[in-house]
Amino acid sequence: MKSSFKFFLLLAMLMAFAASVLSSTAPTEEETFLENDDGSTDDDTPWLNQDRETTLTSSLRGANRFLAQKTSQAVMTCDKYPRVCRAKGSPGPDCCKKKCVNVMTDGLNCGNCGKKCKYPEICCKGGCVNPMSNNKHCGGCNNKCKKGNKCVYGMCSYA
């Protein structure tokens, strides 16, 4: 009885070792390229290829997702290429600390890069305002109170 238990234990350990060795070997790595809208690759644009890192992909079958290879692509930062901030879908036209932002509405870069709004304030038209008491921005940007009304607790004429 004891010898069969030892045999099964040894067999289970051997199978676990074999499974871990097989799952840790990755298949051949492939290099992928970014394609333009017309289907061509960016090999003819040397300014993009300067910073491009090779993108590696591998099969994730049998491997833990935390052990999968990390893929990376070329990152175009606005400090080197300022025009990326004006591209469609960009968060804003201005470049602050290698990130595209809109200094007219960003609370961490309000009006200028690095100018942060204080706790209760928000950034409206490039200036920090308190929406709880500002008559021109009551409760949010560009929400004016009517003449004779006051902004109290972010609402016009609260009382």
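Among contacts in the protein between residues at least 6 apart in sequence, what percentage join residues at least 24 apart? The value is 12%, where contact means heavy atoms within 4.5 Å. The structure is a predicted model, in which local features need pLDDT of at least 70 and side-chain atom pairs count only at pLDDT 80 or more, while totals for chains, interfaces and linings use all residues. Residues are numbered from 1 along each chain as its sequence is written, and side-chain values use heavy atoms, with hydrogens and water left out.

The secondary structure consists of 2 helices and 8 strands; helices (H or I, at least four residues) and strands (E, at least two) are DSSP runs numbered from the N terminus. Along the sequence the pattern reads α-β-α-β-β-β-β-β-β-β. Of the 159 residues, 18% are buried, a term for under 20% relative accessible area, with exposed meaning over 50% and partly exposed in between (1.4 Å probe, protein chains only).

The accessible surface amounts to about 12,700 Å², and carbon and sulfur atoms account for 57% of that surface. These areas come from the Shrake-Rupley method with a 1.4 Å probe; for residues, only the protein chains shown count as cover.

Thr77 lies in the loop between strand 2 (55-57) and strand 3 (94-96). The side chains of Thr77 and Asp79 form a polar contact of 2.4 Å. Such a contact is a pair of N or O atoms within 3.5 Å; within protein, one must be able to donate a hydrogen and the other to accept it, and residues adjacent in sequence count only if both atoms are side-chain atoms. Beyond four places in sequence, Thr77 contacts Val84 and Lys98.

Asp94 belongs to strand 3 and is partly exposed because its relative accessibility is 24%. Its contacts beyond four places in sequence include Cys85, Lys99 and Val103. The C-alpha atoms of Asp94 and Met104 are 9.6 Å apart, with the two residues 10 apart in sequence.

Asn109 is placed in the loop between strand 4 (99-101) and strand 5 (122-124). Asn109 counts as buried because its relative accessible area is 11%. The Asn109 side chain makes a polar contact of 2.7 Å with that of Asp106.
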